[in-house]
Amino acid sequence: QLSSIYFTTIKDRLYCCAPNDPDRRAAQAVLYDTLDLLVTSIAPILPFLAEEVFAHRCTSSSCADSVMTGGSASADVTLLSSPMLSQWRAPCAEWTDEELAARWRLALACKTEVARVLHAAQMEKVLASAAASRVQLVASGPLLAVLATLGNELNDLLGTSATALVQAEASGSGSFVAAGDVAAETEVTVEDGHNGTQHRLLVVLRPSHAPKCPRCWRHVPPALIGQGEGVSVDGWLHRGCICPVRGM
């Protein structure tokens, strides 16, 4: 799931965010430790590949300090001369957060269902891509609460240009969901894989009419360019753009 979920979610942070942006640094820390664990895993069966990967990564403590955001379990591995000398180790205690894990299990289950709806819309030629779409999620209860905690990470998770959360009980009383250029509207069931609880979710897809920034490739309204991540306008939380000028 590194490639299909995590890499896709963080690639914009790595390519577009400022070098010292906390989100970018956090992603670097995860990738740094993940690489160490992968190299340690393959070393006994693919020793030459492990040695080659190890030779191309940071091997000094100063390099490690520049990459890590602090508290990494692999800070000492950079001082080794070979991956054959590395040993299995327990993860940092602060990485264990059952409440956070439970929220993300439900969020990832939501992503799976929304991805199916987005894919179907692309196959039917009603949307060009997920990146060029806006997604309204009509939910209630625990599912709505979990999605609300994600903030702008919800855009990263779904790969969309903007998202809007709507309380299910109130969705029928206004024109926010019904009006406008709806490309697709599908009700799905999101199941919590941990406890089997099922949640109803209405996915409403709309095209994004905002132009695409040639630098970060995000569809951002011109007025929001350079205003940073997670700009909320008219009920929509836009993915945002940190590029100083269009065309940079």
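Me: What is a salt bridge?
Reply: This is a predicted model. The pairing needs a side-chain nitrogen of Lys or Arg and a carboxyl oxygen of Asp or Glu. The nitrogen must lie within 4 Å of that oxygen.

Me: Which residues are linked in a network of salt bridges?
Reply: The structure holds 9 salt bridges. Some of the residues involved join up in a network. Its members are Asp-12, Arg-13, Glu-153, Asp-156, Arg-218 and Arg-239.

Me: Is Glu-153 buried or partly exposed?
Reply: Buried means under 20% relative accessible area. Arg-13 has 12%, so Arg-13 is buried. Glu-153 has 29%, so Glu-153 is partly exposed.

Me: Where does Arg-239 lie?
Reply: Asp-156 forms a salt bridge with Arg-239, the closest N and O atoms being 3.0 Å apart. Both Asp-156 and Arg-239 are buried. The pair links distant parts of the chain, 83 residues apart. Asp-156 sits in helix α7, and Arg-239 in strand β6.

Me: Which residue forms a salt bridge with Arg-134?
Reply: Arg-134 lies in strand β1, and its partner in the loop between β2 and β3, so the pair ties together parts 47 residues apart in sequence. Arg-134 is buried at 15%. The closest N and O atoms are 3.4 Å apart, and the partner is Asp-181.

Note on methods:
Residues numbered from 1 in each chain as written. Predicted model: local features only at pLDDT ≥ 70, side-chain atom pairs only at ≥ 80, totals over all residues. Heavy atoms only, no water. Buried < 20%, exposed > 50% of the residue type's maximum accessible area, 1.4 Å probe, protein only. Helix = DSSP H or I, 4+ residues; strand = E, 2+ residues; numbered from the N terminus.
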